[in-house]
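I am opening my notebook on this protein. I will write down what I look up, entry by entry.

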Amino acid sequence: METTFTRTYEEEKEYKLSDLKPYEVDLLKRVIEICWEAREKGNHPFGCLLADEEGNILMEQGNEEVTEGGDCTCHAETALMRKATKKYTKEEMAHFTMYNCGDPCAMCAGAIYWGNLGRVVYIGRESELKKYTGDDIRNPTLDLPSRVVFASGQKKVEVLGPFLELEPELMKCHENYWHPSENFKG
Ligand SMILES: [Zn+2]
């Protein structure tokens, strides 16, 4: 039996940093630093932060999958949502923005949805990340746009990204980190 899913969502377009408030550009640059910090701690080079409507940083989170003993739910975004929703109400979360390195994966998009976060701004494309990770078992990229996940829900989660002007700087975090198999063809 064939099952067909039809979901309408806004295709990603190219966003410009000039579309953002100046402090938001600084927050995205801070996210790149968080990715480096995660890598330096022995974790995968991913990171995000949570900010309020004035751009105040409420929480920062790097990937913790390695230091948490292989816990596959320790992607930065899911880890942040776990902590943030213990601290803030759903009404508060609706007004906050997550600044993120990439488009959240299906698991993280789920956590964002259930935690009632209002807005996500991200830098890099999954397709670009895949050039680095390949089929590395630590991160076999799951290219399901978060917009598709959110389009299946009952409420709006605003998504802005990718911001290609910052993508090359972000991808430096991934250089010489992943090890695709010899057979990986991209
Ligand atoms: Zn994830």
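**Entry: a glycine after a helix**

I start where helix 5 ends. Glycine 134 follows helix 5, and its phi is positive, near 55°. I note that I am reading a predicted model.

**Entry: helix 5**

I stay with helix 5, which spans residues 126-133. Which of its residues are buried? I find Leu129, Lys130 and Thr133. They lie on the same side of helix 5, because they cover an arc of only 105° around the axis. What covers them? The cover includes strand 3 (97-102) and strand 4.

**Entry: the whole chain**

I step back and go through the elements. I list seven helices and five strands. In sequence order I write the pattern as α-β-β-α-α-β-α-β-α-α-β-α.

Next I look up the overall size. The C-alpha atoms fill a box of roughly 50 × 50 × 35 Å along the principal axes. What radius of gyration would a compact globule of 186 residues have? I get a value near 16 Å, and the protein has 16 Å, so the two agree.

Of the 186 residues, 39% are buried. Among contacts with a separation of 6 or more, 63% join residues 24 or more positions apart.

**Entry: the recorded domain**

I check the UniProt record, an unreviewed entry. The record lists residues 22-136 as "domain: CMP/dCMP-type deaminase". I look at that stretch in the model. Residues 22-136 are 45% helix and 20% strand.

**Entry: strand 1 and its partners**

I turn to strand 1, residues 47-51. Strand 1 pairs with strand 2 (residues 57-62) in the antiparallel sense, over five bridges. I pick out two of the partners. Leucine 49 has glutamate 60 as its bridge partner in strand 2. Cysteine 48 has glutamine 61 as its bridge partner there.

Leucine 50 stands opposite methionine 98 of strand 3.

How many of the five residues of strand 1 are buried? I find five of five. I recall that in a regular strand the side chains alternate between the two faces of the sheet. In strand 1, Gly47, Leu49 and Ala51 are on one side. Cys48 and Leu50 are on the other. Both faces are covered.

**Entry: the nonpolar core**

I look up the largest nonpolar core and find 42 residues in it. Which residues have the most contacts inside this core? They are Val31, Cys35, Tyr99 and Ile112. Several elements give two or more residues to this core, among them helix 1 (22-40), helix 2 (76-87), helix 6 (146-151) and helix 7. Strand 1, strand 3, helix 4 and strand 4 are also on that list. Helix 1 gives the largest share, seven residues.

Most residues other than glycine have a negative phi, and most peptide bonds are trans. I now look for exceptions.

Asparagine 116 has a positive phi, near 65°. I find asparagine 116 in the loop between helix 4 (106-114) and strand 4 (119-124). Is asparagine 116 exposed, partly exposed or buried? Asparagine 116 has 19 C-beta neighbours inside 10 Å, so I put it down as partly exposed. The cut-off for buried is 20.

Asparagine 176 also has a positive phi, near 60°. Asparagine 176 lies in the segment after helix 7. Asparagine 176 counts as exposed because it has 7 C-beta neighbours inside 10 Å.

My last item is a peptide bond. Glycine 161 and proline 162 are joined by a cis bond, with omega about 5°. Where is proline 162? I find it in the loop between strand 5 (158-160) and helix 7 (167-171).

Definitions and conventions
Residues are numbered from 1 along each chain as its sequence is written. This is a predicted model: local features need pLDDT of at least 70, side-chain atom pairs count only at pLDDT 80 or more; totals for chains, interfaces and linings use all residues. Helices (H or I, at least four residues) and strands (E, at least two) are DSSP runs, numbered from the N terminus. The radius of gyration is taken over C-alpha atoms; the globule rule is 2.2 Å times the number of residues to the power 0.38. A residue is buried if 20 or more other C-beta atoms lie within 10 Å of its own, exposed if 12 or fewer, and partly exposed in between; C-beta atoms are placed from the backbone. Two residues are in contact if their C-beta atoms, placed from the backbone, lie within 7 Å. Two strands pair if DSSP finds at least two bridges between them. The arc is that of the directions from the helix axis to the C-beta atoms. UniProt positions are given in the numbering used here, feature names are shortened, and annotations may be inferred rather than shown by experiment. A nonpolar core is a set of buried Ala, Val, Leu, Ile, Met, Phe, Trp, Tyr and Cys residues joined through C-beta atoms within 7 Å.
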